[in-house]
Amino acid sequence: MNSEELRAIQAPMKELYKEKPEAALITLKAEGRLGEGVTCKVQTGKALVEAGLHPATGGDGLSACSGDMLLDALVACAGVTLGAVSTAMGIGIRGGVVRAEGDLDFRGTLGVVKDAPVGFARIRLEFDLDTDASEEQLSALIRLTERYCVVYQTLRQPPEMLVSRNAIA
């Protein structure tokens with residue numbers, strides 16, 4: 001796909017969203033079913049993933065760790081966004097790797113120490129790109145990728161979270 005094709009695909013959507021902002025409001029959903037032991041099976045767009053405890057919290061390592069899945073989602077979103085932005089900017093990318101690393105202190109998750117954080121204390125996102133783009137172009141590309149990556153922005157500016165429960169008889 002080139003920049004003209006991408007613009008042609010996105011132009012009608014952008015126009016619709018300008019005219020009818022409510023059309024741009026979409027709720028994404030994920031669902032999981034509690035599995036055997038301490039696992040939860042999540043149907044992704046393409047595959048069934050069984051999430052379980054990380055080995056550092058008692059897991060056997062056979063199930064996907066939700067923290068890894070969060071980093072996977074960040075890498076996927078950042079990679080797709082970078083591809084779209086580079087296409088729109090006309091920057092050729094021959095290939096590359098997107099990596100995310102996150103630092104966790106499992107003492108918080110396990111309740112070992114009350115002042116230890118639960119969740120990632122730090123996440124690093126790295127792009128290794130095979131391109132002839134200038135430093136200026138690369139800086140703009142990364143800046144715009146950060147700006148338009150849904151997962152990145154959600155992690156940077158967490159949304160309001162609402163939790164509810166239902167008892168099933």
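**Notebook: core, cysteines, sheet**

I began with the largest nonpolar core: 15 residues, with Leu 74, Leu 141 and Cys 149 making the most contacts inside it. I took a nonpolar core as a set of buried Ala, Val, Leu, Ile, Met, Phe, Trp, Tyr and Cys residues joined through side-chain atoms within 4.5 Å. At least two residues of this core come from each of α2 (66–89), α4 (135–148) and α5 (150–156). The largest share, six residues, is supplied by α2.

Ground rules: this is a predicted model, where local features need pLDDT of at least 70, side-chain atom pairs count only at pLDDT 80 or more, and totals for chains, interfaces and linings use all residues. Residues are numbered from 1 along each chain as its sequence is written, and side-chain values use heavy atoms, with hydrogens and water left out.

Next, the cysteines. I looked for disulfides (a pair of cysteine sulfur atoms within 2.5 Å) and got a count of zero. For Cys 77, the nearest cysteine sulfur is that of Cys 149, 3.2 Å away. Cys 77 is buried at 17% relative accessible area, and Cys 149 is buried at 1%; buried means under 20% relative accessible area with a 1.4 Å probe, protein chains only. Leaving out residues up to four places away in sequence, I found Cys 149 touching Cys 77, Ala 78 and Thr 81 (contact is heavy atoms within 4.5 Å).

Last, the sheet. I found an open one of four strands, order β1-β2-β3-β4, with mixed pairing. β1 (32–34) and β4 (64–65) each have a single partner strand, so one side of each lacks a neighbour in the sheet. β3 (residues 48–52) pairs with β4 in the parallel sense over two bridges, and Gly 52 sits opposite Cys 65 in β4. Strands are DSSP E runs of at least two residues, helices H or I runs of at least four, numbered from the N terminus; pairing takes at least two DSSP bridges.

Notes. Buried < 20%, exposed > 50% of the residue type's maximum accessible area, 1.4 Å probe, protein only.
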